[in-house]
Each structure stands twice: as structure tokens, then as C-alpha cells.
Amino acid sequence: MANARLSTSAGEIGAWDMLMYRLSKWIKSPTPYLMLVGFALFFGAWFLLSEVFKVWRFASLPGPRAVLVEWFNPNPVYGMSLYTPDFYVHIWSSMRRVLYAFLISTALGVPFGLFLGWSRSFREYTFPVFEMLRPIPVLAWVPLAIVMFKGQESPVIFLTTLASFYATALNTMLGVQSIDESYPRAAACLGASKWQIFRHIIVPGALPFIFTGLQISVGVAWFSLVAAEMVSGEYGLGYLILASYVNVQYVVIIIGMISVGIVGYVSSALVRLAGDYMMQWRVRELALGGGR
Amino acid sequence: MNRQEFATKGAIRIEHVDKVYHAREGEVQAVADCSLDIRPGEICMIVGPSGCGKTTLLNAIAGFHDITGGAIYLDGEMLCGPDRPKADPGPDRVVVFQNGALFPWKTNLENVAFGPVVQGKMNRKEAAEKARGMMADAGLAGVEHNYPGEVSSGMRRRVEIVRALMNDPKVLLLDEPFRALDQLTKSVMHEALLEIYYKNKVTIFFITHDLEEAIFLGHRVAIMTTRPCKPKKILEVDIPHPRNYSVLTSARFRELMEETVSAVHEEAVKAFEAGEKEM
């Protein structure tokens, strides 16, 4: 793999240094400021539409000010804010489920995708079935998940895993297929066995696509969570959103939505970071090209 | 320096080789009744227009494709022939690819050390040590721990040639290795290749469509007909090795160029008129 080195080299850049380097470069670039402007425009527009001008249809929507007031309220009207332990239980339950789902879908999806791309006959057996299952929405699986899995957690994790698995497997397969034919040929010339080609060429060669897949997969996991947590009785951000809908607590719905957004953003950033760590060669190439 | 002084291994005998592709428009005869003897330790340049089938020949020697007739021998041993249409790729015949095939996810040193390690001939440490020495000999000291993507294209080519030589191959198969380089880098690479060649006694099978490159580097230049591919004319380049770039302005070099230009041009026109797609 990319990080299996022959020797410790003087030129090796630590992941932490790389992170700091990228951070300092990022601060000096216009990117963070443009990002702030983007957020300001989004929340500003929402604020103006819903709270200042009360534009038709937006008037009944809670505005950002109302949401913030509730979110930072030590004694929240609807019982949900940064000061209530329940809020963190919801976040933690969801994070744990997404983590499990992500780990399972990666552990299954990456090898599955690698074999899909690597072996033609394996692909011919399995890919059509895979393609038939893929478009079925998570919601449709809910009843079956309840029948198939016992307990409260396992059906939720199953449902969250599903869509992630498709994203990971499909991208991994494309990653294998994207590998230039001359790499395995060169390896064969140099005396590598079929298995060595798989290990030294196919796996690292597919890595950029695999990590694209993992980023999509972690996003999709959060995406499926609301559907999955319809099954679950008690906790989770998806459950919180649904329960608040039933109780007509729109402010809480928005708190839940923004929380999913933030945690989801952070988790895909973490996946990207892990990718950079495993693909130093790529980071360094990009750094040379002046890309970010 | 004379080829025969050090030549001990690496004779390729191509005997009546045929290769027929099954394409959508029917059968395509890429190579037909092609016979060529490559002497041990010589630089044999294969010249022909793009798509004439010369890469097909290389792929057959390397073991990437089968042949549909004839046989190919390396030092008397059959690589592929009637009973065994496809050769096994192996470290005695290492290919340097047209667009380069250094593994981008391995450092230059790891790339060079790859062959002996996967063959189980050396452990990582021994291989790294030998690789370091060979890279230093080829003027590549200092880029060992860089990734291929971090160094210039000329350096990448040199690393790839050194990676091939690490395996002590009998034959180097070069498929237009300098095609993507600019003219100046190319001239530097030519001299670098010759220097490497003078140190390592290896047969070189070098595909190109650049006549100047062919005559400058080769002991012999085989001009191929366009599809089906077979030798049309084989030219002995009687300019003594070691050569350097001053050869290019010599009278003999000009004469040899003139001698070959028309033959190549004829094939190029044929290829152009046939509108063949490169394979």
C-alpha cells in the first residue's frame, strides 16, 4: 500500500505537518472568506425572508434568530437545546450508528468493489443483481429490515449501511477500472504474481476512487439516517426530526437538520483527511500543481 | 565499443510471426510473416509509421498478447509459438512504456526496488541498497524519496529504465519511450540511455517513428512496412559506438538519413491513406 515504505525517508512529510501546511495555506487563500460570505448570504437570505419581510410561504418557517435563541436557551421552550443532555444523546446515538454503518459498508464494499473491478466473471455474476438492488430506496427496506433484524439497533444500522455500501462498492469498482493498463503490465514484467499485482497495483491504484466513494458513502449514511431512525424508538437526530414533526415543533426540526449538516460535514472532512494520509503521493503531486 | 565485445545473452529470434486481430470490421492482419533476428547486446531500432503493428510485435515478445502464427525465441528458448501462443511476461524482458508506467503511489526508490522484491530475490533492504546505487549511477541521486509525480518527465523516464535494469534483464523493450518529451529533453535522454547501455550489457528493442533517434541510437534500424508489419529494409548503422550528439552533424549520419527517409516516407503515406487507427 501507499504507506508501506522501504525505509524511513528524510523527505517524508508527517500527516500533522501536512495538515498544518494545508491549514496555513488555506487561511492565506480566499477560500475561507468566500466560505464565510456564502454562509452569511444563506443565513441572511433565510433571516430576511422569514423574519424581516415575512415573505409569503416563508412566514410560517422559523427564522434563524428563533432557532438560535432556542438552541442556546438554558431553558428551551420545546425542551431541546445545547443545554439539555438529551441533545447530545441524540447526536451520539446517530454518530454511533453512522460509524457502525460506515465501517460495515467500507469493510464489505471495498473488497466487493475491488473484486467487481478485478474479476470479469465475478462482475458478470454479481453486478446485475447489484444494479437491480441499488435503485431501491432505503424507505422501501424499512419493513423488511424490521422483520429481518432483531432488536432496535441492528435494523437501523442495516438501513444506514445499505446506501453507503452501494456508493463504496460502485466507486471502488470504477477505481479498479480506471487503472491504466500499463501498470499491471509493468508489474507483470517486473515479475509480480497475480496476487502481488492485486496488492501493489490494483488496491493503491483504486485508492483515489475508493476515497471518493467513502466520502459519498459517509454523506449517504447521514442521508439514510432519518429513514432508518423512523424504525428506532427513542434516540437519534433522525428520530428527533421525526418526533418534532409529529409534535409540530418546527424549531427543533431545524436544530436537528443543522446538527445533521454539521456532523455530516465534519465526518466527510475526516474521511478526506484519512485519504490524504494514505495517499501522500497524490497530495504531493497536487501541491506541486498548485492545487489545494 | 563493439557490440560483440560484451554480448553474451539476449538474442531474439522472430520467426514468421503472424498476428490477426478480430476487430469489428472483421479480421485485421497486424503482423504477417515477420522474421527478424536481433543479435545479443545490440540496439535494434524498429521504425514504422504509427499503427503499423510494431507495438503488436513488442506485446508478443513481452507476453501481453498472443500470436496467431510463427514463433519467437529468446536465446534459443521458445517464448511463444505453435503450442503456446502467448508468452509469460517476465523480468528477462522488461518493457518501458510509451506513456511511462512508474507506479505513482510508490516513491522512485520503491519503484526501482520493486522487481527484485516481488520476485523474492532480495529483501526490501538489499533491494533498496542496490536501487540507491543504480540510481546514483544514472544521475538520479537525490530523488529517491520523491514520488514520480514530483520529478520531471525526463527523470521519470530515467527512473523507469533503471527500474527495468534492476532485474538484470536480457532484453529491454522500449515502446517509443521518449515520445512525450520535448526535443531538448529527448536529446539529453538519448545520451543518458547510451551511457546506461554502455554500462549494462543488454539487448535493446526500441520502437520509434523518429528516424533521427533511430539512426543516432541503433546498431541497426529495421524499417517496417505498414500493416501488416514486417521488415522492409534493415539498415546497418556503421557509425562506431560510443556515440554522442556530434554524430548528428557528421556526413555519414546525413547519408544514412537520406538512405532511409524515402523508405519510411513511402510507408507513412501508405499508412496515412489507409487511415489506420493506432493499436
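## Strand pairing in chain B

Two strands pair if DSSP finds at least two bridges between them. This model is predicted. Start with one bridge in chain B. The bridge partner of B:Cys44 is B:Arg220, in strand 9 of chain B. B:Val47 stands opposite B:Ile223, also in strand 9 of chain B. Strand 3 (residues 43-47) of chain B runs parallel to strand 9 (residues 220-224) of chain B, and four bridges join them.

Now turn to strand 10 of chain B. How many bridges link strand 9 of chain B to strand 10 of chain B? There are five, and the two strands pair in the antiparallel sense. B:Ile223 stands opposite B:Lys233 in strand 10 of chain B. A hairpin of six residues joins strand 9 of chain B to strand 10 of chain B. Strands of a sheet pair through backbone hydrogen bonds, either parallel or antiparallel.

## The whole sheet

Next, step back to the sheet. Six strands of chain B form an open sheet. Their order is 6-7-8-3-9-10, and the pairing is mixed. Which strands sit at the edges? They are strand 6 (93-96) and strand 10 (231-236) of chain B. Each edge strand pairs on one side only. From one strand to the next, the twist averages 20°.

A helix lies over part of this sheet. Helix 8 (residues 251-274) of chain B lies across strand 3, strand 9 and strand 10 of chain B. The helix runs at about 170° to strand 10 of chain B. Is strand 9 of chain B mostly covered or mostly open? Strand 9 of chain B is mostly covered, with four of its five residues buried.

## Chain A, built from helices

Chain A has another make-up. Its secondary structure comes to twelve helices and zero strands. Along the sequence, the pattern of chain A reads α-α-α-α-α-α-α-α-α-α-α-α. The C-alpha atoms of chain A fill a box of roughly 70 × 55 × 35 Å, taken along the principal axes.

How many of the residues are buried? Of the 292 residues in chain A, 39% are buried. Contacts across the sequence can be counted too. Among contacts in chain A with a separation of 6 or more, 69% come from residues 24 or more positions apart.

## Helix 10 of chain A

Take a close look at one helix. Which residues of helix 10 (residues 237-246) of chain A are buried? They are A:Leu237, A:Gly238, A:Tyr239, A:Leu240, A:Ile241 and A:Ser244. An α-helix has 3.6 residues a turn, so residues three or four places apart point the same way.

After helix 10 of chain A comes A:Val248. The phi of A:Val248 is positive, near 55°.

Chain A is assigned domain 1 (13-61) and domain 2 (62-288). The centres of these two domains of chain A, taken over C-alpha atoms, are 24 Å apart. Nine residues of domain 1 of chain A are in contact with eight residues of domain 2 of chain A. On the domain 1 side, helix 1 (15-28) and helix 2 (31-52) of chain A each supply at least two residues. Helix 2 of chain A gives the largest share, five residues. By class, this side has seven nonpolar, one polar and one charged residues.

Chain B is assigned domain 1 (3-92 + 169-274) and domain 2 (104-161). Their C-alpha centres lie 26 Å apart. Domain 1 of chain B brings twelve residues to the contact, and domain 2 of chain B brings nine. The domain 1 side divides into ten nonpolar, one polar and one charged.

## Where the chains meet

Finally, look between the chains. The contact takes 23 residues from chain A and 28 residues from chain B. Helix 8 (182-189), helix 9 (194-229) and helix 12 (280-288) of chain A each supply at least two residues of the chain A side. Which helix supplies the largest share of that side? Helix 8 of chain A does, with six residues. By class, the side of chain A that touches chain B has 13 nonpolar, six polar and four charged residues.

How values were computed
Residues numbered from 1 in each chain as written. Chains lettered and ligands numbered in written order. Predicted model: local features only at pLDDT ≥ 70, side-chain atom pairs only at ≥ 80, totals over all residues. Contact = placed C-beta atoms within 7 Å. Nonpolar A, V, L, I, M, F, W, Y, C, P; charged D, E, K, R; others polar. Domains from an automatic or database assignment. Buried ≥ 20, exposed ≤ 12 C-beta atoms within 10 Å, placed from the backbone. Axes fitted to C-alpha atoms, helices over the stretch in contact; angles between N-to-C directions.
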